[in-house]
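Subject: Structure handover

Hello,

Here is the structure for you to take over. Please look through it first; my notes come after it.

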Amino acid sequence: MTQHHDAQLDFSRSMSYGDYLQLDAILSAQKPLSPAHDELLFIIQHQTSELWMKLALHELQAACDNVAADRLPAAFKMLARVSRIMEQLVHAWDVLATMTPPEYSAIRPYLGPSSGFQSFQYRQIEFLLGNKVAAMLKPHEHHPERLATVRAAFEAPSLYDQVLRLAARRGLTLPAELLARDVTQPWQAHETVEALWATVYAAPEKHWDLYQMAEELVDLEDAFRLWRFRHVTTVERVIGFKKGTGGTAGVAYLRKMLEVVLFPELWTVRTRM
């Protein structure tokens, strides 16, 4: 039998669990627009994903700062955490996948043109990971403060840019134009960078920090690919090949996103090892 005699039960003058977590605000933030039973699932799945993305951004931005400042142990811990957050985001789709096409069709008219691709936090994650697409700033122009946040991620060096600058500081050879490149452009695979990673993998004990960083990046991209793949599979399961609510091609658009490679040389170098 559970004993409660030592537990504090009166919170009239002190902070409770619900107070600390702001549960009144969080649990009152679900406002279904349709009479459909399943809309609550749809809202909560996306809201919880946005909370995980908020934490992923917190960790990714700090990891970039730590790499730039040569504080690698802290960066490794943060990147490992982001990979685990990605796993949570992957499993979130498992719950949404219990929604059948008729159940989604009952709420779809109430969603208007809102769509996940408009997520400003997801866009910041994409930008920090190096998938820079200037057109993706436009969905946020109606909200100046949000636009400024997304633009800051767009204009900042990506995580991969910071890692390559780190490699140059460690004495590995990189062309000056790569280090001074326009970081608002998506990364283009470069033979010199593949050669750099080949050097690191050939002598891990000599380049241990970069060796560990390489594996953290591969782990992160692996997890990110799973998240994207689970997304496209769930969308296909729930809406088939209908257009997305935001006007995208739906599944076709998401499948195209599967082709984006964030850290290409870390994958191609494996062929030459």
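Below is what was found, by topic.

This is a predicted model, in which local features need pLDDT of at least 70 and side-chain atom pairs count only at pLDDT 80 or more, while totals for chains, interfaces and linings use all residues. Residues are numbered from 1 along each chain as its sequence is written, and side-chain values use heavy atoms, with hydrogens and water left out.

Helix packing

Helices here are DSSP runs of H or I with at least four residues, numbered from the N terminus. Helix 3 (residues 39-68) and helix 4 (residues 72-96) have axes that come within 9 Å and cross at roughly 165°. (Axes are lines fitted to C-alpha atoms over the stretch in contact, and angles run from 0 to 180 degrees between N-to-C directions.) Helix 3 is therefore roughly antiparallel to helix 4, a label used for angles over 145 degrees. In this contact, 22 residues are nonpolar, five are polar and two are charged. Ala, Val, Leu, Ile, Met, Phe, Trp, Tyr, Cys and Pro count as nonpolar, Asp, Glu, Lys and Arg as charged, and the others, Gly among them, as polar.

Pocket and cavity

On a 1 Å grid over the protein atoms alone, a cavity is a set of points where a 1.4 Å probe fits but cannot get out; a pocket is an open set with protein on both sides within 12 Å along at least five of seven lines, and lining residues have an atom within 4 Å of a point. A volume is the space filled by probe spheres set on the points, which are joined across faces, edges and corners.

The second largest pocket holds about 220 Å³ of space. Its lining consists of Glu50, Leu51, Lys54, Leu55, His58 and Gln121, and helix 3 gives the largest share, five residues.

The whole structure has one cavity of 30 Å³ or more. The largest cavity holds about 70 Å³, and among its lining residues are Asp161, Arg165 and Trp187. Helix 8 (159-169) supplies the largest share of that lining, three residues. The lining has six nonpolar, no polar and three charged residues.

Salt bridges

There are 13 salt bridges in the whole structure, each a side-chain nitrogen of Lys or Arg within 4 Å of a carboxyl oxygen of Asp or Glu. One of them joins arginine 272 and glutamate 194, at 3.0 Å from N to O. This pair links distant parts of the chain, 78 residues apart: arginine 272 lies in helix 13 (residues 264-272) and glutamate 194 in helix 10 (residues 191-202).

Regards

Note on methods:
Helix = DSSP H or I, 4+ residues; strand = E, 2+ residues; numbered from the N terminus. Parallel < 35°, antiparallel > 145°, perpendicular 65-115°, else oblique.
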